[in-house]
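Keep the viewer open as you read.

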Amino acid sequence: MNVDKILAISGKPGLFELKIQTRSGFVAESMIDGKRITVSMRSNVSLLSEISMYTHTQEKPLVEILRAIAIKENEGPAISHKEDNSKLLAYFKQIVPDYDEERVYPSDIKKVLNWYNMLQEKGLVSKDEPKIENAESVKEQVVKEVAKEKEAKTEAKAKKKSAKKE
């Protein structure tokens, strides 16, 4: 399962695939309808490979949870995220028996199951070991782009100031 370039964008429904980076952010494609959107660097964006859920002993990476669902469902669809909370909690308890009930809310479980079903429809779920080795390089690349953008703005301001003095 390779989720290195799959994003969750705060305030936007569903998941997005990172396509290209621009000067002011990046372009992402919705996994729901295939529409492309431009996302600024100010948006709250999370890579799925960096999201974790609380357990009683440690934080468990989302990729491992998605893999556990894929194993349980034999890479088929999971139950709908629209089921009532008691069914969702019982189902999730089978997937992650030691999840922290006080810090993982039903809304979190709904989101995970919705994301799993989206990824499953696109053929992106697998029972194989998770592949997240490129997540750090993607994150580093985004950080470098932000730094370049800030540097370019600073240089532009400096040039304007020096032009005004002349």
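At what angle do helix α1 and helix α2 pack, and how far apart are their axes? Helix α1 (residues 62-72) meets helix α2 (residues 85-95) at an angle of about 95°, and their axes are 9 Å apart. Here axes are lines fitted to C-alpha atoms, for helices over the stretch in contact, and angles run from 0 to 180 degrees between N-to-C directions. That makes the two helices roughly perpendicular, a label for angles of 65 to 115 degrees. On the α1 side, Ile65, Ala68, Ile69 and Lys72 are in contact (heavy atoms within 4.5 Å) with Tyr91, Phe92, Gln94 and Ile95 of α2. These residues divide into 6 nonpolar, 1 polar and 1 charged; Ala, Val, Leu, Ile, Met, Phe, Trp, Tyr, Cys and Pro count as nonpolar, Asp, Glu, Lys and Arg as charged, and the others, Gly among them, as polar.

Before going on, a word on the source: this is a predicted model, in which local features need pLDDT of at least 70 and side-chain atom pairs count only at pLDDT 80 or more, while totals for chains, interfaces and linings use all residues. Residues are numbered from 1 along each chain as its sequence is written, and side-chain values use heavy atoms, with hydrogens and water left out.

Stepping back, the protein chain has 4 helices and 7 strands, where helices (H or I, at least four residues) and strands (E, at least two) are DSSP runs numbered from the N terminus. Along the sequence they follow the pattern β-β-β-β-β-β-β-α-α-α-α. Of the 166 residues, 32% are buried, meaning under 20% relative accessible area with a 1.4 Å probe, protein chains only.

Now find helix α3 (residues 106-121), whose buried residues include Trp115, Tyr116 and Leu119. Their cover includes β1 (6-9), β6, α1 and α2. After α3 comes Gly123, with a positive phi near 75°.

Finally, look at Thr55, in the loop between β6 (52-54) and β7 (59-61). Is Thr55 buried or exposed? Thr55 is buried, because its relative accessible area is 5%. Its side chain reaches the backbone oxygen of Gln58 at 2.3 Å. Beyond neighbours within four places in sequence, Thr55 touches Lys60, Val96, Asp98, Tyr99, Asp100 and Arg103.

Note on methods: Buried < 20%, exposed > 50% of the residue type's maximum accessible area, 1.4 Å probe, protein only. Polar contact = N/O pair within 3.5 Å; in protein donor to acceptor, adjacent residues only side chain to side chain. Parallel < 35°, antiparallel > 145°, perpendicular 65-115°, else oblique.
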